[in-house]
Amino acid sequence: LVVSGASISGLALGPLVPLLLDTYGWRGALLLLAAISFNLVAAGALLRPLPVPTESPGPPRDRPGLIRLLRHGPFLRYALAFVLVDAGYYVPFVHGA
């Protein structure tokens, strides 16, 4: 389920990109593709560690949330895995037209 999103988006964007290129030109098409990809920021914001039962459910008082998240080992491994996958991922809909 987790990895199927890239395949489904590749299938959906394949016919969509030529349509966007014909309608909006290459600059508009890239702008719309960037806007679609920017929605992943909201999904990425949800990837944060669950609170440990000994901690209070409130916001952390010792460090800001981002610094705390960047020191969380499982999140860093998860983020690094996606960076490595995306670095070698060939996206044909970008280069097709």
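Below is a short chat about the predicted model shown above.

User: Hi! What should I keep in mind about this model?
Analyst: It is a predicted model, where local features need pLDDT of at least 70 and side-chain atom pairs count only at pLDDT 80 or more, while totals for chains, interfaces and linings use all residues. Residues are numbered from 1 along each chain as its sequence is written, and side-chain values use heavy atoms, with hydrogens and water left out.

User: What does the chain look like over residues 24-47?
Analyst: That stretch is 88% helix and 0% strand, and its end C-alpha atoms lie 34 Å apart.

User: Switching topic: what share of the chain is buried?
Analyst: Of the 97 residues, 10% count as buried. Buried means under 20% relative accessible area, exposed over 50%, and partly exposed in between (1.4 Å probe, protein chains only).

User: Which residues make the largest nonpolar core?
Analyst: L13, V17, L20, A29 and L33, 5 residues in total. A nonpolar core is a set of buried Ala, Val, Leu, Ile, Met, Phe, Trp, Tyr and Cys residues joined through side-chain atoms within 4.5 Å.

User: What does A29 touch?
Analyst: Leaving out residues up to four places away in sequence, A29 touches L20, L21 and Y24, where contact means heavy atoms within 4.5 Å.

User: Nice. Now R68: where is it found?
Analyst: R68 sits in helix 3 (residues 65-70). R68 counts as partly exposed because its relative accessible area is 27%.

User: How far apart are the C-alpha atoms of R68 and R48?
Analyst: They are separated by 9.5 Å, with the two residues 20 apart along the chain.

User: Last one: which helix holds F82, and why is F82 called partly exposed?
Analyst: F82 lies in helix 4 (residues 73-87). F82 is called partly exposed because its relative accessible area is 35%.

Notes. Helix = DSSP H or I, 4+ residues; strand = E, 2+ residues; numbered from the N terminus.
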